[in-house]
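Hello,

I am passing a structure on to you, as promised. Please have a look at it first, and then read on for my notes.

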Amino acid sequence: MSRSALVGNVTAMLEDAGFLVSDRCAIRPKSFDVAARRGEDLVLLKVLGNIDAFDGTTGEEMRRLGTYLNATPIVVGLRTRDEELKPGVVYFRHGVPVLNPDTALDLFVEGVPPLIYAAPGGHYVNIDGDLLADEREERGWSLGQLASELGVSRRTVSKYEDGMNASIEVAIQLEEMFDQPFSSPVDVMDGAEEVRDAEPTPDDPDPESDDEHVVTVLTRAGFTVHPTARAPFKAVSEDDGGRRDFARMLTGHSTFTRSAEKRARIMSSLGEVTQTRSVYFTEDNSKRDSVEGTALVGCEELTAIDDPEEIRDLIRDRSQEPTEA
């Protein structure tokens, strides 16, 4: 299956599940393919045939964007170079959860999260330690007795009851022994933080030299500007003034070409899904005020305004109001 067809299939699946899905980010560079929202759940999705193509720079970018936009970054893929991705298993690449299409279907359409995750050394599950301790004590078993039945140390059983995850083999043994499951679902929509390696979110990249003057003006106007490296927009800007209508803003910047217009349209679609405003700063003052909800602001008129509120008013008047789900 081509990657384009795979993206289309994943998009259709999300729409069937009740998600509002953005236009595909059919421009380069792009750290993700689509954004999708259902209620409070916002996901940024990268879709790949071979997930080995997902590199560290893209993973870092998606994790940063997840932080800025209160979104969960997820990769949907078919295989690695060596094997097909198994259904019902969460994999990880550079701190981002990876699902195969069947696992994504179960999660988004059926509402059934995966129970298994892949980590160095094999496949594992979350163990409900409190439930295990209750069942062991109800039988009158000591830690040592259960350890003997499982073929592990007493200390290992104690760690299971304290919340340490277990191999699939141990989980099956426990289920057969007590005639009930002890596995807990992997919370993918929270980034599966309870099972993935806890790496700190990387720092923002430096802005490109051509963008520095826009960053300076926005910073002076009271925005915190987070430059991006591979997103379809140059930055996510956050209003430090606490105004609800400017909580977050997708920001673009370049000469206003056909490519820039296409990028502005994608930003409008992304803004609708992520519930943010979007603004495109142009080097050659455009005669238009907006592109499908993305404000167009000339850099000359931007630098000519000293009052931060006037900058906000200008962007607000030309951009589309963020809508809440």
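Below is what turned up, going from the whole chain to a few residues.

Please keep in mind that this is a predicted model. The chain holds eleven helices and 16 strands, and its C-alpha trace spans about 80 × 45 × 35 Å along the principal axes. Of its 325 residues, 49% are buried. If you take the contacts between residues at least 6 apart in sequence, 61% of them join residues at least 24 apart.

On to the surface and the charges. The accessible surface of the chain is about 15,200 Å², and carbon and sulfur atoms account for 44% of that. There are 35 positive and 62 negative side chains, with the centres of the two sets 6 Å apart.

Which residues gather in a patch of negative charge on the surface? They are Glu40, Asp41, Asp187, Asp190, Glu193 and Glu194. Asp187 sits in the loop that runs between strand E10 (183-184) and helix H8 (212-220). Its relative accessibility is 35%, so Asp187 counts as partly exposed.

Ser31 is also worth a look. This residue belongs to the loop between strand E1 (20-21) and strand E2 (34-38). Is Ser31 buried or exposed? Ser31 counts as buried because its relative accessibility is 0%. Setting aside neighbours within four places in sequence, Ser31 is in contact with Lys46, Thr58, Glu61, Met62, Leu65, Arg230 and Ala231.

Enjoy exploring, and write back with any questions.

Best wishes

Methods
Residues are numbered from 1 along each chain as its sequence is written. This is a predicted model: local features need pLDDT of at least 70, side-chain atom pairs count only at pLDDT 80 or more; totals for chains, interfaces and linings use all residues. Side-chain values use heavy atoms; hydrogens and water are left out. Patches are made of residues with over 30% relative accessible area and no salt bridge: like charges are joined within 9 Å, nonpolar side chains (Val, Leu, Ile, Met, Phe, Trp, Tyr) within 5 Å. Accessible areas come from the Shrake-Rupley method with a 1.4 Å probe; for residues, only the protein chains shown count as cover. A salt bridge is a side-chain nitrogen of Lys or Arg within 4 Å of a carboxyl oxygen of Asp or Glu. Lys and Arg count as positive and Asp and Glu as negative; His and the chain ends are not counted. The place of a charge is taken as NZ of Lys, CZ of Arg, CG of Asp or CD of Glu. Helices (H or I, at least four residues) and strands (E, at least two) are DSSP runs, numbered from the N terminus. Buried means under 20% relative accessible area, exposed over 50%, partly exposed in between (1.4 Å probe, protein chains only). Contact means heavy atoms within 4.5 Å.
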